[in-house]
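Subject: Structure for you, with notes

Hi,

Here is the structure I promised to pass on.

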Amino acid sequence: MTIITRKDFPEYFTFGVATSSYQIEGATSADGRGPSIWDTFCREPGRISDGSSGDVACDHYHRWEEDLELISSLGVQAYRFSVAWPRVQPTGSGDINPLGLDFYERLVDGMLERGLDPYLTLYHWDLPQPLQDVGGWANRDTAYHFAEYARAVAERLGERVKSYATLNEPWCSSILSYQIGEHAPGLRNRKLALAAAHHLLLGHGEAVKVLREVVPGAAIGTVLNLNAITPATSSEQDAAAARFEDGAFNRWFLDPLLRGEYPADVWEAYGDDVPQVQPDDLETIRQPIDFLGVNYYSRSVVSADGQQQRPSDSSYTDMGWEVYPQGLSDLLLRLKADYTLPPIYITENGAAYKDTLEGSAVHDAERVAYLQTHLAEVASAVRQGVKVNGYFAWSLMDNFEWAHGYSKRFGLVYVDYGDQQRILKDSALWYRGLAGAKVPEL
Ligand SMILES: OC[C@@H]1[C@@H](O)[C@H](O)[C@@H](O)c2[nH]c(CCc3ccccc3)c[n+]21
């Protein structure tokens, strides 16, 4: 196993931890917060494996100071968090709720007081329900509402926030949510899904315009979940299937954002389901960004018959995802080869394992190995010339894992949901040794 140390990374490299609003905050009715599509989705029987919701989660809305102390104790330089649109603008348009903005102002000021750089995500899936009532992201108006929400946040928080990401994983907010149906709003309609994907990208572009105007000194970008995609065999059928999957999963978002075009081969295959694109849309979408966030967890092994392959000589996380660290460097080198890129942040990387509390310890050796091996691949990609500026471990602490509820634990910190105690796992101790290490004199 490649043991990595702080000197394997450039002096400027930022280590952080990441969370999102609906997964940790709880307090879903406090101080004027309106309902989100996830509040609705969790109440639909069968949607969440353990029947839970984000109503309490990690109670971060009330425990935010303790949690900032916890983050600071990990020796990281940055904290990636998201703002809940329904706290700031309860109906998704019109009136702003000052109490909602007050919470995020307290949080950002608390980060700055502790020397933590705030990395803010404007949208990590908690769409105000009233917008979904009129079509959600499948309705083009939502793109414009999103830009006005971005304006309200940026006007309040300003350049205290070092980095603004518009979206977290538009593939999840569209394809996983409107076509596959696993996430809120739980629809199964490819035409609506592709319309949602287009309007998410358009919303990104409209928000970038607003952010350039309101916080010109901040770094502005967006975050994509990307996979390394491998054909199951060397057959032409599997190679073609892998190319198509790469087009539908990775390039459907990378190409509009970085090239101002949709992948033609996939567009053709979608036939009448393709979205309605207005003449200036792709110019808006492709506006220059200061960084691209990449969320990487595993690779996809694709075969023509559509069967998900599970290479027998690999290990798998509690999510059933293959542990494939090389896929991260493969992905980064591919991005460098195929695109003109801004600097990259690994905005999420981590693993769920069945953690057991032993007294006040959690010996999560598998998670330590996962983080070590993936960070070694980041260091390798940097050595090969890929401009990666930082890495955020997913996640700071165990939290609401969407359709899996609280049954999957991704945290470096264990959460006892009975009494909301936070307990550092071995992976937190290991990460502190890396992230908190003094940068060696060059
Ligand atoms: O599933 C772990 C994390 C989530 O907790 C984050 O909120 C989300 O940003 C995130 N994205 C991915 C990869 C894409 C994906 C998400 C959910 C289900 C399947 C794939 C993994 N994760």
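This is a predicted model: local features need pLDDT of at least 70, side-chain atom pairs count only at pLDDT 80 or more; totals for chains, interfaces and linings use all residues.

Let me start with a question: in the loop between which two strands does S395 lie? The place to look is between β10 (388-394) and β11 (413-416).

If you want to colour by secondary structure, α8 (170-179), α10 (236-259) and β8 (299-302) each give at least two residues to the lining. The largest share is that of α8, with five residues. Sorted by class, the lining of the pocket holds 21 nonpolar, 13 polar and nine charged residues.

Around the ligand itself there are 17 residues, with Q23, E169, E348, E401 and W402 the closest. By class, this shell splits into eight nonpolar, six polar and three charged residues.

- Q23: an N or O atom of the side chain is 2.7 Å from an oxygen atom of the ligand.
- E169: an N or O atom of the side chain is 2.7 Å from a nitrogen atom of the ligand.
- E401: a polar side-chain atom is 2.7 Å from an oxygen atom of the ligand.

As for burial, the ligand on its own exposes 460 Å², and the protein buries 90% of that.

**The backbone**

Now back to S395. The peptide bond that joins W394 to S395 is cis, with omega at about 10°. Another cis peptide bond links A184 and P185, again with omega of about 10°. P185 belongs to the loop between α8 and α9 (190-214), and α8 is the helix with the largest share of the pocket lining.

There is also A27, which sits in the loop between α1 (21-24) and α2 (37-42). Its phi is near 45°, a positive value in a residue that is not glycine.

Why list these at all? Because most peptide bonds are trans, and most residues other than glycine have a negative phi.

That's what I have for now.

Cheers

Conventions. Residues are numbered from 1 along each chain as its sequence is written. Side-chain values use heavy atoms; hydrogens and water are left out. Helices (H or I, at least four residues) and strands (E, at least two) are DSSP runs, numbered from the N terminus. Ala, Val, Leu, Ile, Met, Phe, Trp, Tyr, Cys and Pro count as nonpolar, Asp, Glu, Lys and Arg as charged, and the others, Gly among them, as polar. A residue is near a molecule or strand if one of its heavy atoms lies within 4 Å of it. A polar contact is a pair of N or O atoms within 3.5 Å; within protein, one must be able to donate a hydrogen and the other to accept it, and residues adjacent in sequence count only if both atoms are side-chain atoms. Accessible areas come from the Shrake-Rupley method with a 1.4 Å probe; for residues, only the protein chains shown count as cover.
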